[in-house]
Amino acid sequence: MSSAVDLLVKDAGLLVVDGDREIPGGWVAVTNGRVTAVGPAGAEPEARTTVSAAGRLVTPGLINTHHHIYQNLTRSYAPAVNGTLFDWLTTLYPLWSVLDEEAAYVSAYVGMAELLMGGCTTSSDHLYVHPRPYLVDAEIRAARDIGFRFHATRGSMTRSVEDGGLPPRSVTQTTDEVLADSERLIKAHHDPKPGALIRVALAPCSPFSVTKEVMTASAELAERYDVRLHTHLAEDRDEDTYCLETYGCRPVEYFEDCGWMSDRTWVAHCIYPNDDELRRLGAAGVGVAHCPSSNMLIGGGTARVQEMRELGLPVGLGCDGSASTDHASLWMETRNALLLGRYRGGPGAMTARDALDLATRGSARCLGRADELGQLRPGACADLVVWDLHEVALAGALSDPVEAWLRCGPARAWTTVVGGRVLIDRGESELPELAEALRDHGRIARRMQQKA
């Protein structure tokens, strides 16, 4: 191999290439943002820049398939923390009605920094409140400023309280506004090319907040422009009741009737499909964003992850709302997926490697990027994490570094690389504007929570 290698990450205690290959003492070579080679100790190429993993675990970057980043402006908001999902939403909708471009940009910048520190190299975001225009554009601008791999989803709500829905009029839009802006965002920002940092998907919020017209037209628009579809589905028993009373059918049947039963689609939560519905979702290749921390904090049940995987559904992980989960650590979500899977199905139901596979290859499948994300095989995007656990936490963990990574934590990203660029180094952010963004974030959060 020539000296054209841009970056070499070497001396890993263990390199996880993907769910099928691990290399003790391994290294990863990167050129032009792509993995060019991996190998065992002693065969390393020369490189312009070298990063020592110093015996640490190295994995593909984790991928977040469901998030509401703007909600980090209202984290742990006391009046909402102990309510049901619908109580929580109706308490926070009025606060979110003041969201503007500055708030969307700053919350995204801080949220992406937090994701990077938790080992996440790619994230989607579901921004579904639009009290003002160009909020998704502001998030995309933050991702570009950072160099973060970002799948922006153009969320929407059109059914306000006055129309029989849940949200107030202040955070909803008309059908024409939603569809026009969806098309504008795709044309302005979606990059279909391999290795893209920015992609756009269409994401009506949920059955109780949009009309059937928006659901159907969004599916048609996604087909026309070859972009992906995302929504919440079967998240809460109240959703079953609402759909039966409003549409005369269960949520999955309504979803299918709107033209969404497709491998173009991934959905958040998917807790309450029945057995037949789950089989139909699997046959169609619909992906699921499993959000274990949010499921436990809201107390609404959890997805049948192992059954879904056996039925062929791509299953990835998501942080969910920054005001329900109150963190943006994909490491924590991966650990909680491990714990919740074992709690639900017994000790053989989920291993640390299963959970890592959800957070990497499973999530990449949900986003339609299994060919280049969630793995470190040559040709993949050079998105990777060197993990750090304190020596005290690791004392005695000698036999399996992957199990130790989730069992012995807390773990943090020591080095996070996106597209060959080091964005977290020695556990600290390399983002030059983070301190200013945090100051602005504090000011905006106080205003939003009316505590200025």
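Reader: Which strand is the place of His68?

Author: Happy to start there. This is a predicted model, where local features need pLDDT of at least 70, side-chain atom pairs count only at pLDDT 80 or more, and totals for chains, interfaces and linings use all residues. Residues are numbered from 1 along each chain as its sequence is written, and side-chain values use heavy atoms, with hydrogens and water left out. Strands are DSSP runs of E with at least two residues, helices are runs of H or I with at least four, and both are numbered from the N terminus; His68 lies in residues 67-68, which is strand β9.

Reader: Is His68 buried or exposed?

Author: Buried means under 20% relative accessible area, exposed over 50%, and partly exposed in between, using a 1.4 Å probe and protein chains only. Contact means heavy atoms within 4.5 Å, and beyond four places in sequence His68 touches residues including Asp125, His126, His232 and Asp320. His68 has 3% relative accessibility, so it counts as buried.

Reader: What is the bridge partner of Leu229 in β14?

Author: Two strands pair if DSSP finds at least two bridges between them. For Leu229, the partner in β14 is Thr265.

Reader: Which strands stand at the edges of the open sheet of 4 strands?

Author: That sheet has the order β5-β4-β1-β6, with mixed pairing. An edge strand has a single partner, so one side of it is left without a neighbour in the sheet; here these are β5 (34-39) and β6 (49-52).

Reader: And which residue in β4 is the bridge partner of Val9?

Author: Strand β1 (residues 7-10) and strand β4 (residues 27-31) run antiparallel, with 3 bridges between them. Across from Val9, the partner in β4 is Val28.

Reader: How do α11 and α12 lie to each other, and what word describes that?

Author: The axes of α11 (residues 330-345) and α12 (residues 352-366) come within 9 Å and cross at roughly 130 degrees. Angles under 35 degrees count as roughly parallel, over 145 as roughly antiparallel, 65 to 115 as roughly perpendicular and the rest as oblique. The two helices are therefore oblique.

Reader: How many residues of the contact of α11 with α12 are nonpolar?

Author: Thr334, Ala337 and Leu338 in α11 meet Ala352, Ala355, Leu356, Leu358 and Ala359 in α12. Ala, Val, Leu, Ile, Met, Phe, Trp, Tyr, Cys and Pro count as nonpolar, Asp, Glu, Lys and Arg as charged, and the others, Gly among them, as polar. That contact has no charged residues and 1 polar, and the nonpolar count is 7.

Key. Axes are lines fitted to C-alpha atoms, for helices over the stretch in contact, and angles run from 0 to 180 degrees between N-to-C directions.
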